[in-house]
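Subject: Handover of a structure for your review

Dear colleague,

Please find the structure below, together with its sequence. My notes on what was found in it follow.

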Amino acid sequence: MKKLLSFLLVLGTLLVLAACGSSNSSEEEPAETSGDETETASNEVNLYTARHYDVDDELYKKFEEETGIKVNLIKGEADELLERIKREGDATQADLFLTADAGRLHRAKEDGILQSVSSDVLDEQIPANFQDEDQMWYGLTKRARVIMYDKEKVDPSELSTYEALTEDEWAGRVLIRSSENIYNQSLLASFIELNGEEEAKEWAAGMVENFARDPEGGDRDQAKAIAAGVGDVAIMNTYYFGQMLNSEDPEEVKVAESLDVFFPNQDTTGTHVNVSGAGVVKSAKNQENAIKLLEFLSAPEAQETFASVNYEYPVNEAVEPSELLQSWGDFKEQDISMSALGENNAKAILLFNEVGWK
Amino acid sequence: MQRRLANFNIWTVGAVVIILMLFLPNLTIVTGFFTPSNDNWEHMKEFVLRQFVINSLILTLATAFFTILIGLSLAWLIAQYDFPFRRFLKWALILPLSIPPFIGAYTYHGILNFTGAVQTTLREGFGMELDPAYFDIMNLPGAIFIYTMFLYPYVYTITQVYLSEQSASLIESTRLLGKGPWRTFFQVVLPISRISIIAGASLVVLEVLNDYGVVKYYGIQTFTTAIFQSWFGLGDLDTSIKLAASLMGFVIIILLIEKLLRGRRQYSYFSTKVRPLQLIPLSGWKGFAAAGYGMLILSLGFFIPVIQLIDWTILTFGTIPMEEFLRYVQNSVFVAGLSATLIVILALIVGNFARMVQGKYTKLLPKLTVLGYSIPGAVIAVAVVTAFVALDGYLAPVYMAIGLETTLVLSVSIVLLLAAYIIRFFAIGYNSIETGYDKIGTNFRDASRLLGAGPTKTFFKVDVPMMKGAIISGFILVFIDVLKEIPLTLILRPFNFDTLSTKAFQYASDEKIMEASQASLLIVGISALAIVIFYKILEKEMD
Amino acid sequence: MFVAIEDVSFSYPNTQAPALDRFTLDIKKGEVISILGRSGSGKSTILRLLAGLERPKNGRLVIQDETLFDDKTFLQPEKRGIGMVFQDYALFPHMTVAANIMFGLSGMKKADKKRRMHEMLELVELEEYEKRYPHQLSGGQQQRVAIARAIAPNPHLILLDEPFSNLDAELQGKIRKDLREILKKANITSIFVTHDEKDAHILADRIVKLKDGKMDFVGRPCDMLDTFRQEAIAESEEVLKSQPVVNV
């Protein structure tokens, strides 16, 4: 018994010591550099990011090598990170907030946690429609939300628009994930912007009518459900399709190969596009470094990496999409301000609830 | 009542302080309930709340029912009978606890979906194209299955320890009175293990209520969905806190029911006459049936998902550098070990307090501390950040004095995360410790004090050693839970601090379940190792 | 007086009737007192009050000129120098017999502790059992360890709660005699609680009979027999009187 007690005691002591050690180190780091608000001498940048891709980490490493600026990371869910920055107030350690949805960027702006920054490099690398109008945030990559279809059962000529999926011929054939997902919320938000609330609600209700099954799973699961014969068409993001085509699992590749991409609304409002983007935090202590990182991420080299490794569309027009992306062809994008996705987000959720889209 | 508080001392003060500190962050949530309702709240009430509440009720009640069914039946078999593989099953049946439910959910979906092992084999091996709906696990019954398979060990462990240590004579005498095994089970075993069943099942219920990973992935809308929808979707933290407060109200009701069911009766073991139950050998088909049942549950809750994870790990091996994993392992074990140690210590102090004080209401006080377990982690995170930012504000002059230039020290350090873990998982440790205190009763403490030992000496020399079983199981449960924890770790960690679970989540949330398998497998491995090591220690101590 | 108990009253929370009503008793040094009563008569409550495990409503307890409790003072159990043998013995299951007995011997040198422990084991005739654990002992042996443990720190007063209730009849007879011998040999003042009159008669110097929390009788065992006889006679006379007289 004594042994057990002393074991626990030793364990506890060690852990406490280790805790002091590690909390010290995390205290010291920011302490060294805080207060350098205007100086560029500080050699780090603190990033709160909601993007979890390995490719991002590689890019940060490259950034460190090139500039000598250390990138400190907290990865989390967008909304929670946002809340954390808000609660930390002016004292926050965050310099840059990065997330995978324009709606969230807009909310960050509305919540007053971002600041306007300008740089010639950014203006050159990122087209105006992928920047916030007050330059509070900048888009970094694009993803298109498209219609995927079963090559055998569906002829692309039958497909035309998102709206057409609500017609009777598609009853019981349409697959899409739950309305909890931000990509769907932004999709509906874009319709509210383009067509008004009434029509957007009609669309959502029509979709619910035509569901092949209650929404479940993620985007990849919709593709698999087509292969399984549950439905014939699915709405999903392009990069998931790219990932499936290059999956380690031969079965996933097989599923992906039985499908093809269709860019809807080419003759009307355009295909829905969303961005990943980032904004400099209002009380950033390392503002210069944050801008440098933004510039780095929108520069051709990083943009190519996003495109080839993660199957995202680059925002920098100097960079071509990857070969796979090009093979799907060019497409017309929705012509709306990205901020609209954020502005209409709450409305979209309420509409989803009203029409019973799970 | 006050006159009977014969033992007012430093322990009491300490306990009250701990309780208040654990409860304080929850207070922000409680007060949120009284803010006036807005349009979003009305909208929620009109369109979705009813269905969400029904889903949550079905989910929790069904999961509670099945975990009790499985947990108690296994505990009873192990405690009372001897059959093939019994010694192995005794500890192995705890293993499913090492798999985080959200990983279990992903894994089972991975096995059963169109490209998964089952359908692929049927399709390609046997040319069978079955309706995919048969294999669809992403629904309410599927979620109940997932929760049951990965949470039943809460009921099993607590009940099994209790039954094994229970005075054998009670059970044996029932059999001698001519009652068969079934009557014995229902008339004696069930009532006497009521406390441990309730303790285990209430952990299960709380875990189901606060979990978000499984239901989110399976597309089931529960009360938690509503909390997140109003917060993230509508940007309306007030409404979501109002919802969280309602959930808390529901949990308080559950706790009161538990207290009520527990009643005034305490089944402490009297005296030293605790001898192990004489195992009844099950021969022939009965023995195999018992072993088969145990193995079936163990396979569903552990082997099948682990084999799938191993398979995926092999497919994706090498995509993440090994040395990085080493760091994740270190970080995970460090936070889990430290918070488990702290929680056990705090739970011992509070449990001691609960045992000493008399009076209905004072006794309920420690129960307040378990509220943290019922609330979705993300909501706790907000409460904790708020509390720590305020605390840092108070401490700012101190930081100045020692020459720090920043005003956020605690709230950007690991202390923040540890505090959040303690608030969240205190219930797990406390439940175990409380059961331990219940079991030893107060006689030994009285004896010790009459022999001249003060409360502190009594605590260390008598209470703690007698409760080592409860202490160890409390430690393991918290350790494993922290290892698996997601929302708090994700949001409250300091810069550049990754653990196995944040890594697993990072991939899983991006639908890269195969890449998530490596970190998941390590979580499972470490948890399983912890279970085995502590079980061995426990067994040695018991001899 | 060695032990003076004055006007001690007590009631459990949320109850109206007092569990103990103005209990008063003086005890001489070395005297063996038996408190006799049915279950619920408040007899165990007295022990818990004297030990400091419950707080009395009012009253006073003085042992050898030291006030253990009154209106102002309340000494914690560990400070009272009172030993107690619990009904179920409450031997620490994780300690050997030796460790159990030495538990109460704080502030002594290790060698002294050992010596005292051996003395105690000798007293209760369990020399061979030093290294055993409680669950390896019979009921009677456990009880003797419990007594040894309670006596070891040399308390002013030792309390025994139903010391024989867990023993079989044959053992009871033997242990009763042993116990009296041990108590007398050690010259320890003691109070034991029992529901069995036979225990009281054999062991006690004086008997206190409790009924509904009130003292019903105090006196030597032989006096009680007298009282009982008188009561019985009175009762039978009552019965006789109430019989209808039949005239032949």
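Two residues are taken to be in contact if their C-beta atoms, placed from the backbone, lie within 7 Å. The model is predicted, and local features need pLDDT of at least 70, side-chain atom pairs count only at pLDDT 80 or more, and totals for chains, interfaces and linings use all residues. Residues are numbered from 1 along each chain as its sequence is written, while chains are lettered from A and ligands numbered from 1 in the order in which they are written.

Chains A and B

The contact between these chains takes 64 residues from chain A and 60 residues from chain B. On the chain B side, helix H17 (residues 377-401) provides the largest share, six residues. Helices (H or I, at least four residues) and strands (E, at least two) are DSSP runs, numbered from the N terminus. By class, the side of chain B that touches chain A has 31 nonpolar, 22 polar and seven charged residues. Here Ala, Val, Leu, Ile, Met, Phe, Trp, Tyr, Cys and Pro count as nonpolar, Asp, Glu, Lys and Arg as charged, and the others, Gly among them, as polar.

Chain B

Chain B has 24 helices and two strands. Of its 543 residues, 54% count as buried, meaning that 20 or more other C-beta atoms lie within 10 Å of a residue's own; 12 or fewer make it exposed, anything in between partly exposed, with C-beta atoms placed from the backbone. In helix H12 (residues 223-233) of chain B, eleven of the eleven residues are buried, among them Phe223(B), Phe228(B), Trp231(B) and Phe232(B). Just after H12(B), Gly235(B) adopts a positive phi of about 65°. Among the contacts in chain B with a separation of 6 or more, 84% are between residues 24 or more positions apart.

Domains of chain A

Chain A is divided into domain 1 (38-142 + 275-321) and domain 2 (143-273 + 329-355), with bounds from an automatic or database domain assignment. The C-alpha centres of these two domains of chain A lie 27 Å apart. Their contact takes 17 residues from domain 1 and 18 residues from domain 2. On the domain 1 side, helix H4 (102-110) and strand E4 (138-150) of chain A are the elements that give two or more residues, and H4(A) gives the most, with five residues.

Sheets of chain C

An open sheet of four strands in chain C has the order E2-E1-E4-E5, with antiparallel pairing; two strands pair if DSSP finds at least two bridges between them. Strands E2 (20-27) and E5 (66-69) of chain C stand at the edges with a single partner strand each, so one side of each has no neighbour in the sheet. Five bridges join strand E1 (residues 3-10) of chain C to E2(C), and Val8(C) stands opposite Phe23(C).

Another open sheet of chain C has six strands in the order E6-E7-E8-E3-E9-E10, with mixed pairing. Its edges are strand E6 (82-85) and strand E10 (214-219) of chain C. Strand E9 (residues 206-211) of chain C runs antiparallel to E10(C), with five bridges between them, and Leu210(C) has Met215(C) as its bridge partner. Helix H1 (residues 43-51) of chain C lies across strands including E3 (32-36) and E7 (157-161), running at about 145° to E7(C). Axes are lines fitted to C-alpha atoms, for helices over the stretch in contact, and angles run from 0 to 180 degrees between N-to-C directions.

Kind regards
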